[in-house]
Amino acid sequence: MACFERASPALKEILLKLYRTEKPMEIDHHLYEFGAVEYHIQSSASDPHDTYLSIATPLLSQGVLPSHGFSHHTIEMIKGICSDCLEIVEPAREGYQLTLRLDLAKIPRGKDGAKVIAQISSVQAVILSSQLKEMLQNVNSQDTSKGMYKPIKLVYHPREPFFVIRQPQKITAVFPMRFRENSDVIIATAFFQELMDVGSSEAWAKAPPCTWSPIPPPELRGELFEDLSTNGGFVSFDIFSCHVEGKQLDKTVRSLLNFYAYVKYHVKCTRGFIQRRMKNRLGSLVEVLQNASLEKEEHIQKDEGCRYVRKLVSFSRSKILNRRCGHFTKRIRSPIKIHGFSRFRQQWTMPKFSLTKYTKLD
């Protein structure tokens with residue numbers, strides 16, 4: 001996600017290091033940023049007052065702005081960053097489009113000095129924004145070819161080009177939207193439709209009107225197929241003269257250069273929000289299932305206890321006594337043995353009489 005930063009963080013860090021050092025430093029450093037932007041910082045210990053900053057950046061649009069360098073408007077904006085400590089070296093060093101000579105000793109100390117360093121670090125943003133400002137300021141101008149308005153392709157990032165189309169009384173900016181995942185396409189489509197609904201309301205009547213279409217607008221007919229092959233459709237903004245007057249111009253330029261980053265940031269946050277909601281919902285469902293299983297186990301244990309009590313109650317009192325005192329009654333019923341009683345019994349036994357059989361007389 002390429003976000004349009006006002007100041008380059010890496011360039012700002014190196015310049016602050018040179019600004020705050022007490023001893024001269026020898027630096028020959030190359031920095032590369034997205035969009036084929038290259039910085040070259042040179043500082044020599046033999047010449048501590050002068051620091052050279054060379055910049056190589058692609059033009060926002062080919063064929064519209066001067067190919068030999070920057071326009072007069074862009075040069076004046078670069079000089080306006082800090083005229084006391086900044087000077088443009090002509091010609092620029094080989095391989096670069098702009099070379100600046102910086103006198104860091106003339107920068108005031110304290111918080112004001114840090115602000116000046118931040119402004120110098122934003123020179124690439126000044127170049128891009130000035131090029132787009134030149135196009136937007138000429139809202140009423142017309143560039144026609146065979147009766148049709150010719151689209152201008154702007155390449156802020158190699159994978160994220162957009163088009164500016166000059167029309168009567170307005171300028172239309174068209175953004176082809178591309179996403180890697182199908183889920184991102186669904187989220188972005190819903191976002192674009194909501195953006196259209198909100199933009200058409202009275203509360204946002206002063207904002208540039210927004211439209212979204214799954215197919216290319218008629219103004220882009222004849223453009224390259226690779227520029228029109230998208231899976232997220234096309235988002236268009238109509239910019240009128242009220243949107244480029246005074247301070248509104250800077251806001252409009254920054255919003256257009258950051259639109260791709262804003263959409264991708266929204267899609268990423270929405271996807272993360274949905275995943276968190278799903279995770280929380282899944283946790284709550286698992287908790288409900290666990291509570292239900294625990295209640296079921298407690299209910300089963302209560303049923304088993306009630307069955308045991310019912311069995312105890314169903315036993316009769318005789319059975320309970322028999323179970324508890326059965327071994328005691330067995331001991332009572334067992335014969336008592338008396339020593340010498342067997343002899344006494346033999347003496348008093350009755351004589352045995354023989355039984356004779358009688359026959360029946362006829």
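Student: In which loop does Gln 169 lie?

Tutor: This is a predicted model, and its strands are numbered from the N terminus. Phi of Gln 169 is near 70°, a positive value in a residue other than glycine. The loop that holds Gln 169 is the one between β9 and β10.

Student: Is Gln 169 buried or exposed?

Tutor: A residue is called exposed when its relative accessible area is over 50%. Gln 169 has 55% relative accessibility, so the residue counts as exposed.

Student: Which residues of β9 and β10 form an aromatic pair that links these strands?

Tutor: A search of the whole structure finds 8 aromatic pairs. One of them is stacked, with 4.8 Å centre to centre and 20° between the planes of Phe 162 and Phe 175. Both of these residues are buried. The strands are β9 (residues 160-167) and β10 (residues 170-176), and the partners, 13 residues apart, are Phe 162 and Phe 175.

Student: At what angle do the axes of helix α2 and helix α4 cross?

Tutor: Two packed helices are described by the angle between their axes and the distance between the axes. Helix α2 covers residues 72-79 and helix α4 covers residues 123-137. α2 passes α4 in a right-handed crossing. The two axes come within 9 Å, and the crossing angle is roughly 145°.

Student: How many nonpolar, polar and charged residues are in the contact of α2 with α4?

Tutor: From α2, the contact takes His 73, Thr 74, Met 77 and Ile 78. From α4, the residues include Val 123, Val 126, Ile 127 and Ser 130. By class, the count for this contact is 5 nonpolar, 4 polar and 2 charged.

Student: Is Val 126 buried or exposed?

Tutor: Val 126 is found in helix α4. Not counting residues up to four places away in sequence, Val 126 touches Arg 6, Met 77, Ile 78 and Ile 81. The cut-off for buried is under 20% relative accessible area. Val 126 is at 7% relative accessibility, so this residue counts as buried.

Student: What is the relative accessible area of Met 77?

Tutor: Met 77 lies in helix α2 and touches Val 126, Ser 130 and Lys 133, not counting residues up to four places away in sequence. The C-alpha atoms of Met 77 and Ser 130 are separated by 7.5 Å, although the two are 53 residues apart along the chain. Met 77 is partly exposed, and its relative accessible area is 23%.

Student: Which residue does Pro 91 join through a cis peptide bond?

Tutor: Pro 91 is found in the loop between β4 (86-89) and β5 (98-103). The cis peptide bond has an omega of about -5°, and the partner of Pro 91 is Glu 90.

Student: Over which ring does the charged end of Arg 93 sit?

Tutor: In another place, Arg 109 lies over the face of Tyr 19, at 4.4 Å from the ring centre. For Arg 93, the charged end is 4.5 Å from the centre of a ring, and that ring belongs to Tyr 52.

Student: What share of the residues in the protein is buried?

Tutor: The protein has 10 helices and 12 strands. Among its 362 residues, the buried share is 35%.

Methods:
Residues are numbered from 1 along each chain as its sequence is written. This is a predicted model: local features need pLDDT of at least 70, side-chain atom pairs count only at pLDDT 80 or more; totals for chains, interfaces and linings use all residues. Side-chain values use heavy atoms; hydrogens and water are left out. Axes are lines fitted to C-alpha atoms, for helices over the stretch in contact, and angles run from 0 to 180 degrees between N-to-C directions. Helices (H or I, at least four residues) and strands (E, at least two) are DSSP runs, numbered from the N terminus. A crossing is left-handed if the near helix is turned anticlockwise from the far one by less than a right angle, and right-handed if clockwise. Contact means heavy atoms within 4.5 Å. Ala, Val, Leu, Ile, Met, Phe, Trp, Tyr, Cys and Pro count as nonpolar, Asp, Glu, Lys and Arg as charged, and the others, Gly among them, as polar. Rings of Phe, Tyr and Trp (its six-membered ring) pair if their centres lie within 6.5 Å; planes under 30 degrees apart count as stacked, over 60 as edge-to-face and the rest as tilted. Buried means under 20% relative accessible area, exposed over 50%, partly exposed in between (1.4 Å probe, protein chains only). A charge sits over a ring if NZ of Lys or CZ of Arg is within 6 Å of the ring centre and within 35 degrees of the ring normal.
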